[in-house]
Amino acid sequence: MLTVYGEGRGFRVVWLLEELGVAYRLRPVDLLAVENDPDFLAINPAGFIPALQDGEMIMVESIAILEYLLARYGPSPLAIAPDDPAFAAYLQFLHLGEAGLAGPMNAVLIGRALAPEAERNARVTRWALETFHSRLGLVIRRLANRPFLAGDRFTAADISVSYALLFGLRTGNYTPGSVERAYLARTTARPAYARAMETCQATKAWAARSPAL
């Protein structure tokens, strides 16, 4: 059975596995005490989450894990084929969900919640928030005349971006506009999302509750 280590961005992996119907277990990781978790450090000596173990194979980085699972356990309508006109947009937003949205939002969270009071409006924190909103503009424009990022069908790109938007919402550093709110209502209405939330709640992972959209 597959093992997913860690919550946070690991929620993307759990959500995809629920969509694919692939059996897995979620093994929580306490990042505040990771030095006391030799079993996890044996999986990922760098000490960050998520990680995926599939037999002898170990991977880290949530977007790479999504691509691996789709290739290994597909074919699936959650991935767009290279000959599909929507392939480029699918690939772009799959990666933008981390590189352009969740990554910068993580820097905002650290800068605002963990930095000393005098440093909480540091230029790097403002830059990270500006970066998030710049990339968010691409998402909003993309969703202006289509329900999902690849068009009419839900894909892994929507898992990637939805996680990033929910991350910003949960941390109080982002308020969705009407386009994003309607989009998140669509993506989080999926049964696989609900199952992933239940799994994470049962292991005290990622979120204590689903946010009000």
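So, a salt bridge here is a side-chain nitrogen of Lys or Arg within 4 Å of a carboxyl oxygen of Asp or Glu. Bear in mind that this is a predicted model, where local features need pLDDT of at least 70 and side-chain atom pairs count only at pLDDT 80 or more, while totals for chains, interfaces and linings use all residues. Residues are numbered from 1 along each chain as its sequence is written, and side-chain values use heavy atoms, with hydrogens and water left out.

The domain assignment, automatic or from a database, gives us domain 1 (2-73) and domain 2 (86-209). Their C-alpha centres sit 19 Å apart.

How much area do the two domains bury between them? About 2000 Å², with 69% of it on carbon and sulfur atoms; that's the accessible area (1.4 Å probe) lost on putting the two parts together, summed over both. On the domain 1 side, Arg 9, Phe 11 and Trp 15 supply 35% of the area buried against domain 2, more than any other three residues. Back to those salt bridges: the rule finds four across this interface.

Now the inside. A nonpolar core is a set of buried (under 20% relative accessible area, 1.4 Å probe, protein chains only) Ala, Val, Leu, Ile, Met, Phe, Trp, Tyr and Cys residues joined through side-chain atoms within 4.5 Å. The largest one has 58 residues, and Leu 69, Leu 101, Val 139 and Leu 165 touch the most other members.

Conventions:
Buried < 20%, exposed > 50% of the residue type's maximum accessible area, 1.4 Å probe, protein only.
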